[in-house]
Amino acid sequence: MKVKICGITNVSDALAAEMFGADIIGMVFSKSPREIGVKTGKKIVSALSPFTMTAGVFADEKPGKVISVFNSAGIDIIQL
């Protein structure tokens with residue numbers, strides 16, 4: 001079983017989720033109250049252990065934006 005904690009918006013919450021055993025940290029990159037930008041996503045990814053996967057969550061986004069965020073933020077997987 002893998003555990004994903006989603007809607008992470010800052011480094012301290014990401015590190016807490018990782019410390020409590022999350023396997024995957026999810027970040028929302030689409031219109032949402034929990035939406036973050038690429039710069040914040042990159043900071044979160046950089047702060048985590050290389051053993052913790054990261055997911056970018058997207059809804060109703062153009063493929064170009066999804067690919068751009070994937071490449072720029074350094075996330076591991078995409079959730080549509």
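Me: What percentage of the 80 residues in the protein do buried residues make up?
Reply: Good place to start, and keep in mind that this is a predicted model. A residue counts as buried when its relative accessible area is under 20%. Of the 80 residues in the protein, the buried ones make up 35%.

Me: Which pattern does the protein follow along the sequence?
Reply: Let's begin with the parts: the secondary structure comes to 3 helices and 4 strands. Reading along the sequence then gives their order, which is β-α-β-α-β-α-β.

Me: What is the radius of gyration of the protein, and what would a compact globule have?
Reply: The C-alpha trace spans about 35 × 25 × 25 Å along its principal axes. For 80 residues, a compact globule would have a radius of gyration near 12 Å. The protein agrees with that, because its own value is 11 Å.

Me: Is serine 30 buried or exposed?
Reply: First find serine 30 in the loop between β2 (24–28) and α2 (38–47). Its relative accessible area is 4%. Since the cut-off for buried is under 20%, serine 30 is buried.

Me: Which residue's backbone nitrogen does the side chain of serine 30 reach?
Reply: Leaving aside neighbours within four places in sequence, serine 30 is in contact with Glu35, Val57, Phe58, Ala59 and Glu61. For the backbone nitrogen that the side chain of serine 30 reaches, the distance is 2.8 Å. That nitrogen belongs to alanine 59.

Me: Is aspartate 60 buried or exposed?
Reply: Look in the loop between β3 (53–57) and α3 (63–73), where aspartate 60 lies. Here phi is near 55 degrees, a positive value in a residue other than glycine. The relative accessible area of aspartate 60 is 84%. Exposed means over 50%, so aspartate 60 is exposed.

Me: How far apart are the C-alpha atoms of aspartate 13 and isoleucine 25?
Reply: Aspartate 13 sits in helix α1 (residues 11–19), and with a relative accessible area of 35% it is partly exposed. Along the chain, aspartate 13 and isoleucine 25 are 12 residues apart.

Me: How far apart are the mean positions of the positive and negative charges?
Reply: The protein has 9 positive and 7 negative charges. Taking the mean position of each group gives two points to compare, and their separation is 6 Å.

Note on methods
Residues numbered from 1 in each chain as written. Predicted model: local features only at pLDDT ≥ 70, side-chain atom pairs only at ≥ 80, totals over all residues. Heavy atoms only, no water. Helix = DSSP H or I, 4+ residues; strand = E, 2+ residues; numbered from the N terminus. Rg over C-alpha atoms; globule rule 2.2 N^0.38 Å. Buried < 20%, exposed > 50% of the residue type's maximum accessible area, 1.4 Å probe, protein only. Lys, Arg positive; Asp, Glu negative; His and termini not counted. Charge placed at Lys NZ, Arg CZ, Asp CG, Glu CD. Polar contact = N/O pair within 3.5 Å; in protein donor to acceptor, adjacent residues only side chain to side chain. Contact = heavy atoms within 4.5 Å.
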